[in-house]
Amino acid sequence: RAGLPARPAPIGGSLNVRSFFAITRAYRDSAPDVALVTTVDEWVWACFAKQRQPRPRLVLARHMTLPLNRRIAWLVNRRADAVVAVSDAVRRSLVRDAGIRPERVHVIHNPSRFPPRASLPTHDERHRARVALGLDPSGHWVGMFGGLDPAKGIDDVLGAVRRANDEY
């Protein structure tokens, strides 16, 4: 909606050297003031990519508390201008476990579209929500919030739903 151009590129994966070239091209062609990088594999390539002068501010985002390789943490401490953690737990893991300098790590909590509730929705509220979403109000529905990457457990969710459908 902002009229900004999107430029797809072959990035992704720790061994995808094409990421280095794609990010270098993006730095050169777009001349960003800030580069926001959201996955650890691309953190590495963005840190190593050739940049124009003055170089863009490099902001890295972390969404999970999984262990971060010490060599990546070393690179982040040398090159990143800031690291955004989506929760206090993620910040603690970056500072305490990975050794990222605390002054570099800033928490910006994941936004929530809905205010937290003190109680579960009523039957009528669930019915109205299902109708509004175009779902059969009499059916049973499973929500899975996460990526479609197998490491996120989508196969486990699908297997559990399949088993529940077979047994019930």
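**Entry 1: strand S1**

I started with S1 and its two faces. Ala35 and Val37 sit on the covered face, while Val34 and Leu36 sit on the uncovered one. I kept the general rule in mind: side chains in a regular strand alternate between the two faces of the sheet. I note here that this is a predicted model.

Next I looked for the partner of S1. S1 pairs with S2 in the parallel sense, over four bridges.

**Entry 2**

I then traced the whole sheet. Four strands make an open sheet, ordered S1-S2-S3-S4, with parallel pairing. Which strands are at the edges? I found S1 (34–37) and S4 (105–107) there, each pairing on one side only. Neighbouring strands are turned by 25° against each other on average, direction ignored.

I also looked up S2 (residues 57–62) with S3 (residues 82–85). They run parallel and are joined by four bridges. In this pair, Arg62 stands opposite Ala85 of S3.

**Entry 2: a helix on the sheet**

I followed H4 (residues 88–97) next. H4 lies across S2, S3 and S4. Against S4, H4 runs at about 170°.

For helix pairs I looked up two values, since two packed helices are described by the angle between their axes and the distance between the axes.

I took H1 (residues 18–30) and H2 (residues 40–48) to begin with. Their axes come within 9 Å and cross at roughly 55°. H1 and H2 are therefore oblique to each other. I logged the crossing of H1 and H2 as right-handed.

Which residues make the contact? From H1 I listed Ser19, Phe20, Ile23 and Tyr27; from H2, Glu42, Trp45, Ala46 and Phe48. By class, the contact of H1 with H2 has six nonpolar residues, one polar and one charged.

**Entry 3: H2 against H3**

I moved on to H2 and H3 (residues 70–79). Their axes are 10 Å apart, and the helices pack at an angle of about 45°. That makes H2 oblique to H3.

H2 brings Val40, Trp43, Val44, Cys47 and Phe48 to the contact. H3 brings Ile72, Leu75, Val76 and Arg79. I sorted these by class: eight nonpolar, no polar and one charged.

Key
Residues numbered from 1 in each chain as written. Predicted model: local features only at pLDDT ≥ 70, side-chain atom pairs only at ≥ 80, totals over all residues. Heavy atoms only, no water. Pairing = 2+ DSSP bridges. Axes fitted to C-alpha atoms, helices over the stretch in contact; angles between N-to-C directions. Contact = heavy atoms within 4.5 Å. Buried < 20%, exposed > 50% of the residue type's maximum accessible area, 1.4 Å probe, protein only. Parallel < 35°, antiparallel > 145°, perpendicular 65-115°, else oblique. Left-handed = near helix turned anticlockwise from the far one by under 90°. Nonpolar A, V, L, I, M, F, W, Y, C, P; charged D, E, K, R; others polar.
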